[in-house]
Amino acid sequence: MAASMPQTSLTITGTHCASCQALIEEVAREVPGVTACTVDFHTGRTVVEHAPTLDWSEFRRAVEALGQYRVELPPPASGTGSPRAPAV
């Protein structure tokens, strides 16, 4: 059985329709280390399934390069520099 990938919950602001949702999910999955991304466009709540080594600055750049969206990462886990991965 393969080990499950970490999941991190975060908020992406600026989403307002299903097209926003689809666009962000598509771009996010192209970031190396992201295996899945699910966006709720009503709330901006986003769950990213990813490799432990995901470069969050690259994820943020990819999504924010679309123009109207802002990625709000959770605070880093103590001493890691990576966002905390809350249970989802």
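Trp 56 is buried, with a relative accessible area of 7%. The model in which this residue sits is predicted. The protein has 88 residues, and 33% of them are buried. Its secondary structure consists of 2 helices and 4 strands, and these elements follow one another from the N terminus as β-α-β-β-α-β.

- Trp 56 forms an aromatic pair with Phe 59.
- The centres of the two rings, Trp 56 and Phe 59, are 5.5 Å apart, and their planes stand at 70° to each other.
- The pair of Trp 56 and Phe 59 is edge-to-face, because planes over 60 degrees apart are counted that way.
- Trp 56 and Phe 59 are 3 residues apart in helix α2, so about one helical turn separates them.
- Phe 59 is also buried, with a relative accessible area of 0%; residues count as buried under 20%.
- The count of aromatic pairs in the model comes to 1.

**The sheet**

- The 4 strands make an open sheet in the order β2-β3-β1-β4, and their pairing is antiparallel.
- Strands β2 (34-39) and β4 (70-72) are the edge strands, each pairing on one side only.
- From one strand to the next, the twist averages 30°.
- Strand β1 covers residues 7-13 and strand β3 covers residues 45-50; the two run antiparallel and are joined by 5 bridges.
- Val 48 in β3 has Thr 8 standing opposite.

**The helices against the sheet**

- Helix α1, residues 18-29, lies across β1 and β2, and runs at about 165° to β2.
- Helix α2, residues 56-64, lies across β1, β2, β3 and β4, and runs at about 150° to β4.
- Helix α1 has 12 residues and spans 17 Å from its first C-alpha to its last, close to the expected 16 Å at 1.5 Å a residue.
- The buried residues of α1 are Cys 20, Ile 24, Glu 25, Val 27 and Ala 28.
- Cover for the buried residues of α1 comes from elements including β1, β2 and α2.

- Glu 72 and Ile 12 are 60 residues apart along the chain, while their C-alpha atoms are separated by 6.0 Å.
- Leaving aside neighbours within four places in sequence, Glu 72 is in contact with Leu 10, Thr 11, Thr 13 and Arg 60.
- Of these contacts of Glu 72, Leu 10, Thr 11 and Thr 13 fall within the residue range 7-13 of strand β1, and Arg 60 falls within the range 56-64 of helix α2.

**Contacts and surface of the whole protein**

- Among the contacts in the protein with a separation of 6 or more, 58% are between residues 24 or more positions apart.
- The accessible surface of the protein comes to about 5,100 Å².
- Carbon and sulfur atoms account for 53% of that accessible surface.

How values were computed:
Residues numbered from 1 in each chain as written. Predicted model: local features only at pLDDT ≥ 70, side-chain atom pairs only at ≥ 80, totals over all residues. Heavy atoms only, no water. Buried < 20%, exposed > 50% of the residue type's maximum accessible area, 1.4 Å probe, protein only. Contact = heavy atoms within 4.5 Å. Areas by Shrake-Rupley, 256 points an atom, 1.4 Å probe, with all protein chains shown as cover. Pairing = 2+ DSSP bridges. Axes fitted to C-alpha atoms, helices over the stretch in contact; angles between N-to-C directions. Expected span 1.5 Å × (residues − 1). Phe/Tyr/Trp six-rings, centres within 6.5 Å; stacked < 30°, edge-to-face > 60°.
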